[in-house]
Amino acid sequence: FSGFGRPVATLLARRDGTAPRMLASGMTPGDWLPDGRLVATLFIGGSGQYDIITVDSVGIPEPLVATSFAEAFPAISHDGRWIAYVSDESRQHQVYVRRVDGMGARVQVSVAGGAEPRWGPAGELFFIATGGAAPVLTSAHLSLAADPRVLQRTGLFDASAYEGAEPHANYDVSRDGRTFAFVRRPQSTGVVLVQNVQQLLPPQGW
């Protein structure tokens with residue numbers, strides 16, 4: 001995607017304090033699979049686009065979402081079965097969801113543009129809707145089956161005061177879904193916590 005930041009080196013460190021080791025370089029880390037594989041975004045120099053790959057414990061890469069279009073912003077569901085990502089295949093950046101193993105159908109989650117998907121604790125997907133006058137943090141309630149569907153989209157709040165990032169999300173949501181952590185734009189730099197987000201959603205959205 002235009003404007004993506006430079007890939008960085010990814011170091012793997014143990015909790016016992018042993019020295020970290022290089023896991024991957026030339027790619028941007030995005031998430032982890034339950035089996036310990038890193039999910040990363042790799043810039044393909046020959047095609048001038050981005051693909052989503054996995055990297056195992058010894059640094060061997062394998063394609064995960066790799067087409068003739070650009071894919072980035074990978075986010076793995078908590079059960080490890082689903083991946084949300086952004087693709088420009090419609091000539092607009094949109095959020096999609098499909099199974100990690102590539103089987104079955106996929107669903108487009110955003111409508112008029114989207115970025116930075118992150119999974120909530122109940123299988124809901126948060127993303128930044130980018131098609132309006134201002135970016136809006138949005139919650140999508142999904143039916144995740146062989147034929148995934150979007151049941152409801154709910155705009156939560158204006159996200160224009162927060163700093164976005166590429167090709168990975170620049171915010172996160174707590175395991176209970178009640179708190180978001182954002183980076184505020186330079187006029188008031190700092191980490192921002194948004195609590196009790198459930199109060200912004202209609203009951204059927206959860």
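User: Which residues touch the most other members of the largest nonpolar core?
Analyst: This is a predicted model, in which local features need pLDDT of at least 70, side-chain atom pairs count only at pLDDT 80 or more, and totals for chains, interfaces and linings use all residues. Residues are numbered from 1 along each chain as its sequence is written, and side-chain values use heavy atoms, with hydrogens and water left out. A nonpolar core is a set of buried Ala, Val, Leu, Ile, Met, Phe, Trp, Tyr and Cys residues joined through side-chain atoms within 4.5 Å, where buried means under 20% relative accessible area, exposed over 50% and partly exposed in between (1.4 Å probe, protein chains only). The largest core has 17 residues, and those touching the most other members are Val-97, Val-109, Trp-119, Leu-125 and Leu-142.

User: Which elements give two or more residues to this core?
Analyst: Elements here are DSSP runs numbered from the N terminus, with helices (H or I) of at least four residues and strands (E) of at least two. The protein has 0 helices and 16 strands. The elements that give two or more residues to the core are E6, E7, E8 (94-99), E10, E11 (125-129) and E12 (136-143).

User: How many residues does the second, separate core have?
Analyst: In soluble globular proteins, nonpolar side chains tend to be buried together. The second core is separate and includes Leu-156, Ala-159, Val-173 and Phe-182. Its size is 12 residues.

User: Which residue in E7 is the bridge partner of Ile-76?
Analyst: E6 pairs with E7 (residues 82-87) in the antiparallel sense, over 4 bridges. Within this pairing, the partner of Ile-76 is Ile-83.

User: Which residues does Ser-77 touch, not counting residues up to four places away in sequence?
Analyst: Ser-77 sits in the loop between E6 and E7 and counts as buried because its relative accessibility is 7%. A polar atom of its side chain lies 3.4 Å from the backbone nitrogen of Arg-81. With contact meaning heavy atoms within 4.5 Å, the residues that Ser-77 touches are Trp-82 and Trp-119.

User: Which side chain forms a polar contact of 2.5 Å with that of Ser-110?
Analyst: A polar contact is a pair of N or O atoms within 3.5 Å; within protein, one must be able to donate a hydrogen and the other to accept it, and residues adjacent in sequence count only if both atoms are side-chain atoms. Ser-110 is in the loop between E9 and E10 (114-119), and Ser-110 is buried at 2% relative accessibility. Its side chain also reaches the backbone nitrogen of Val-95 at 2.8 Å. The side chain at 2.5 Å is that of Gln-94.

User: Why is the pair of Phe-157 and Phe-180 classed as it is?
Analyst: Rings of Phe, Tyr and Trp (its six-membered ring) pair if their centres lie within 6.5 Å; planes under 30 degrees apart count as stacked, over 60 as edge-to-face and the rest as tilted. The structure holds 9 aromatic pairs. In this one the centres are 6.5 Å apart and the planes at 85 degrees, so the class is edge-to-face.

User: How many residues apart in sequence are the parts tied together by Phe-157 and Phe-180?
Analyst: Both residues are buried. Phe-157 lies in strand E13 (residues 149-158) and Phe-180 in strand E15, so the parts that the pair ties together are apart in sequence by 23 residues.

User: Why is the pair of Tyr-171 and Phe-182 classed as it is?
Analyst: Tyr-171 is buried at 5% relative accessibility, and Phe-182 is buried at 3%. The ring centres of Tyr-171 and Phe-182 are 5.1 Å apart and the planes lie at 10 degrees, so the pair is stacked.

User: Which residue in E15 stands opposite Asp-172?
Analyst: Strands E14 (residues 172-173) and E15 (residues 179-184) run antiparallel and are joined by 2 bridges. They form a hairpin with 5 residues between them, and Gly-177 in the turn has a positive phi of about 75 degrees. Opposite Asp-172 stands Ala-181.

Note on methods. Two strands pair if DSSP finds at least two bridges between them.
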